[in-house]
Amino acid sequence: MDTAQDLVVRTPIGNPAASAPLLVAVERAIEVVDAETKALRADPTTNLKPFEYRKSQALLDLTRARSAVPAPAYTDELKDGLREFKAALEENVKLLGLHMDAVSEVVQIMSRTMIDQESDGTYEAPFPEPAR
């Protein structure tokens, strides 16, 4: 008997029934993140509070489902869903970062304006002399 014939390489195929709860949780999370991203693109002043709640709920669902599904049960479909979720999160984080930067700039401008408005000019630098 040839030993090469006895060697069987098995690739894990996952367990669709076991991974189904996690797949559903991932799909819902993608939906929530994509909805927030679309809302921010459509209207930068959109109220993010409902999305905050929905994303917190999605995180809870993902955590619970993940603890119930062992890694060997992951199907290719679930792995694809996780990759899609990662991409959706990266896009969402990038967009939220841009909005946070814009908010920070506005706050700095407002703060400087308020300080300038309340100042009586005592500690301001004098105008520079004109160049000769």
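Analyst: α2 passes α4 in a left-handed crossing, a term for a near helix turned anticlockwise from the far one by less than a right angle, clockwise being right-handed. Helices here are DSSP runs (H or I, at least four residues), numbered from the N terminus. This is a predicted model, in which local features need pLDDT of at least 70 and side-chain atom pairs count only at pLDDT 80 or more, while totals for chains, interfaces and linings use all residues. Residues are numbered from 1 along each chain as its sequence is written, and side-chain values use heavy atoms, without hydrogens and water.

User: Why are α2 and α4 called roughly parallel to each other?

Analyst: Their axes, lines fitted to C-alpha atoms over the stretch in contact, with angles from 0 to 180 degrees between N-to-C directions, cross at roughly 25 degrees and come within 9 Å. Angles under 35 degrees count as roughly parallel, over 145 as roughly antiparallel, 65 to 115 as roughly perpendicular and the rest as oblique; α2 and α4 are therefore roughly parallel.

User: What makes S19 count as buried or exposed?

Analyst: Buried means under 20% relative accessible area, exposed over 50%, and partly exposed in between (1.4 Å probe, protein chains only). S19 has 2% relative accessibility, so S19 counts as buried. This residue lies in helix α2, residues 16-42.

User: Which residues does S19 touch, not counting residues up to four places away in sequence?

Analyst: Contact means heavy atoms within 4.5 Å. With that sequence limit, S19 touches V69, A73, Y74, T75 and L78.

Definitions and conventions:
Helices (H or I, at least four residues) and strands (E, at least two) are DSSP runs, numbered from the N terminus.
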